[in-house]
Amino acid sequence: MKLPLRIKILILFLLVASLFLLSIFSSSLIKGKISSQIKEHRLSLIKSASKIVEHYILSCQRSLLALSSAKSFRENVEKENKVYVRRSLRRVYRKYKTFSFVSCIKKKGKELKFLSVWPYTYEGIIKDKEFRNFVLKSFKFPRLRISKVMNYRGRNEVLILVPMRKAVLVAGINLKNLSELLLKIRPSKKSKFALLDWKGNYIVGGKGEFEYKIPSGEGFIEKERENIFITSGTIPVFNWNIVLISKYTDIFSPVLALKRLTFFFLILGIAIAIILSIHFSKKITEPIYELMKGARILGSGNLSYRIKLKTGDELEKLADAFNKMAEELKKSYDLLDERVKMATRNLQEAYQEIEEKNRKLEEADKLKSQFLANMSHELRTPLNAIIGFTDLIMSGIYGKVNNKQYEKLERVKINAEHLLNLINDILDLSKIEAGRMELFPERFKVNSLIEEIKSSVEGLVQEKGLELRVNLFDEIEANLDPRKFRQIILNLVSNAIKFTKEGYVEISLKKRDGEFEVAVKDTGIGIKEEDLKHIFDEFRQVDGSTAREFGGTGLGLSISKKLTELMGGRIEVESKYGKGSTFKIIFPIYS
Amino acid sequence: MKKSRILVVDDDRDTREILEARLKACGYDVITASDGFNALEIIRERKPDLILLDVMMPEIDGFTVCKFLKEREETKDIPIIFLTAKESLSDVDKGFKSGGDDYVLKPINWERLLPKIKKFLP
């Protein structure tokens, strides 16, 4: 059902409520209508029954009246012709069959005497007290009379009296006949008519089985619990009552059936209502559970889940909203994912590219360094041989060498040694650049190392006529590679000596917060300001002339700087052209 | 007095010749070998009093030769001085671990080398 949830619930409640109201209302309505119809019908039955009774009694009277007014009969009664009278009475009795007996009574003094009676079995009635009183009264006030109910020999008798001259005609009404007549018109076998006289005695249908006070006139007695329903009416001519007595269940069977039907429908309705409500509540709660489940699944991050609801109401709209939300979320997640993936891919590609380039660069670099290292090594061996043989020749092993030859051999040796130094420096640089320079740090006293350098360069200094000053302000212990450290200091000191013609070279050592500094100061030629920034570049001696004049490979400072930095220190330079330079190497002090 | 005999093992002919000439000038009896196997053959025939041993040589390197000699009863007492361009500390370490008695770097510095030789050959 594609109805909004509200309407569904409303319909359900209305259905159940209206079912109740309808059943109760309709049953009472129909019951009232039916029972009033039944009553009406019964009253009409009573009326027709009373007409029949009235007719029956009147016809009795008429037949008696006709007899009494017949001239021959009158004459014969006066003559007391018993035979004739009997014959006449018999004829009437047989003709009409409405009489239990027919008689003609004469009064002899105070005695009543049958002139004749038919049938003879009623001869004794003349002695019945009630009978006599009734008849005697009629002799005093002669007129047409109907008696109340009398009992004669266990049978009810109602008498009709028609007066004549000095005689009366008295007949008993054939109640059996009347009763049968009434039986014929009773509405059902379980009901019967009863006749009562004005004193309330039963004429017909009595037999004492009903003890209810029958109301005079029209009316009803309902005794549902005793299963009795009585309808009464009057026969005004005789001032009789006529009643229709029925079984209550019999009459009201349609009402009762209706009652049962109503009850059945009520139960059915309630059952349907219960089933429907269960069904509806299921229908209502099921989608809610489905929603809850869906919301939980979506909440747990499974965004591809869809809530399937086709209830056509607010819940479906809610589910749709959920689905839409999930879809949107999923879309944005997917988009985000895609973007992230793309970005990652791009990044990865870039990384790979960079890595590739780096690798190639490194490889090229390594190859270069390797080449340099190999070349240096290969170059060193023959150079060593050259120097070695030159030495041997100069030492005179192979025969006497004259001065001129010795001089030239010395030039060979100096050049070869210079070349060897160059090669050694290149080897160092290439090692540093290839990342293959191994460091072997150990604890040593910087003071002692400087002292050692001092003693090794002292000769050279004296030779040049310079002053060598050494100022060790602090005791320093370093944890560095001592060979490399020595190489650096020695390089700086040799440079200082090399470029100083007069004055002094000063080596100083001091602490400055957390670091120590070795400064090599000279009073040499100094460095032009524009050259200072290139001072540590490879193969940069300030100019060609300097190189020629002072010798050196031009790699020393570069190596010194690189070694210093490799060991975690730094190198600084201050210089004034023409006045001198100061080189400082600074290392952190490790405790 | 009999001259002390020094065995120079080096794959470079020039180095061998320079060392031989200089050491002879210093009054030693010098024999030479051009590689490890050659050296082992010579040692079996003419046992030297000291060996100057290069490291980088074809076939077998100096460390292996040294280790081999130091494991033999008849040669383990011959002092061995490595004379090599291999200057890294790990190589120096290897040299001593293989049983070498001293380690001298090339290029040859006679002022440093000769005292070391004299230490083993009085």
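How many residue pairs are in polar contact between chain A and chain B, with both residues at pLDDT 80 or more? The count is 0, a polar contact being a pair of N or O atoms within 3.5 Å, where within protein one atom must be able to donate a hydrogen and the other to accept it, and where residues adjacent in sequence count only if both atoms are side-chain atoms.

1. Basis of the note. This is a predicted model, in which local features need pLDDT of at least 70 and side-chain atom pairs count only at pLDDT 80 or more, while totals for chains, interfaces and linings use all residues. Residues are numbered from 1 along each chain as its sequence is written, chains are lettered from A and ligands numbered from 1 in the order in which they are written, and side-chain values use heavy atoms, with hydrogens and water left out.

2. The contact between the chains. Chain A brings 17 residues to the contact and chain B brings 15 residues, contact meaning heavy atoms within 4.5 Å. About 1,400 Å² is buried between chain A and chain B, and carbon and sulfur atoms give 63% of this area; buried area is the accessible area (1.4 Å probe) that two parts lose on being put together, summed over both. Of the area that chain A buries against chain B, 28% comes from F389(A), F440(A) and R483(A), more than from any other three residues.

3. Composition of the chain A side. Helices (H or I, at least four residues) and strands (E, at least two) are DSSP runs, numbered from the N terminus. By class, this side of chain A has 7 nonpolar, 5 polar and 5 charged residues, where Ala, Val, Leu, Ile, Met, Phe, Trp, Tyr, Cys and Pro count as nonpolar, Asp, Glu, Lys and Arg as charged, and the others, Gly among them, as polar.

4. Salt bridges. Between chain A and chain B the count is 0 salt bridges, whereas the structure holds 33 salt bridges over all chains; the term stands for a side-chain nitrogen of Lys or Arg within 4 Å of a carboxyl oxygen of Asp or Glu. One of them joins E327(A) and R306(A), with the closest N and O atoms 4.0 Å apart. Because E327(A) lies in helix 8 of chain A and R306(A) in the loop between helix 7 (253-299) and helix 8 of chain A, the pair ties together parts that are 21 residues apart in sequence.

5. The mixed sheet of chain A. Five strands of chain A form an open sheet in the order 14-16-17-19-18, with mixed pairing; two strands pair if DSSP finds at least two bridges between them. Strand 14 (467-472) and strand 18 (570-576) of chain A are at the edges with a single partner strand each, so one side of each is left without a neighbour in the sheet. The twist averages 15° from one strand to the next, with axes taken as lines fitted to C-alpha atoms, for helices over the stretch in contact, and angles running from 0 to 180 degrees between N-to-C directions.

6. Pairing and packing in that sheet. Strand 17 (515-522) and strand 19 (580-588) of chain A pair in the antiparallel sense over 7 bridges, V520(A) having F583(A) as its bridge partner in strand 19. Helix 11 (482-498) of chain A packs on the sheet, touching strand 16 (504-512), strand 17, strand 18 and strand 19 of chain A, and its direction makes about 25° with that of strand 17. Helix 14 (556-566) of chain A also packs on the sheet, touching strand 18 and strand 19 of chain A, and its direction makes about 140° with that of strand 18. Strand 18 and strand 19 of chain A form a hairpin with 3 residues between them, and G578(A) in the turn has a positive phi of about 90°.

7. The antiparallel sheet of chain A. A further open sheet has 5 strands in the order 9-8-12-11-10 of chain A, with antiparallel pairing. Strand 11 (228-235) and strand 12 (240-247) of chain A pair over 8 bridges, and I228(A) stands opposite K247(A) in strand 12.

8. Backbone points to inspect. Cis peptide bonds join W118(A) to P119(A), with omega about -5°, and K106(B) to P107(B), with omega about -5°. K166(A), in the loop between strand 6 (159-164) and strand 7 (167-173) of chain A, has a positive phi of about 60° although it is not a glycine.
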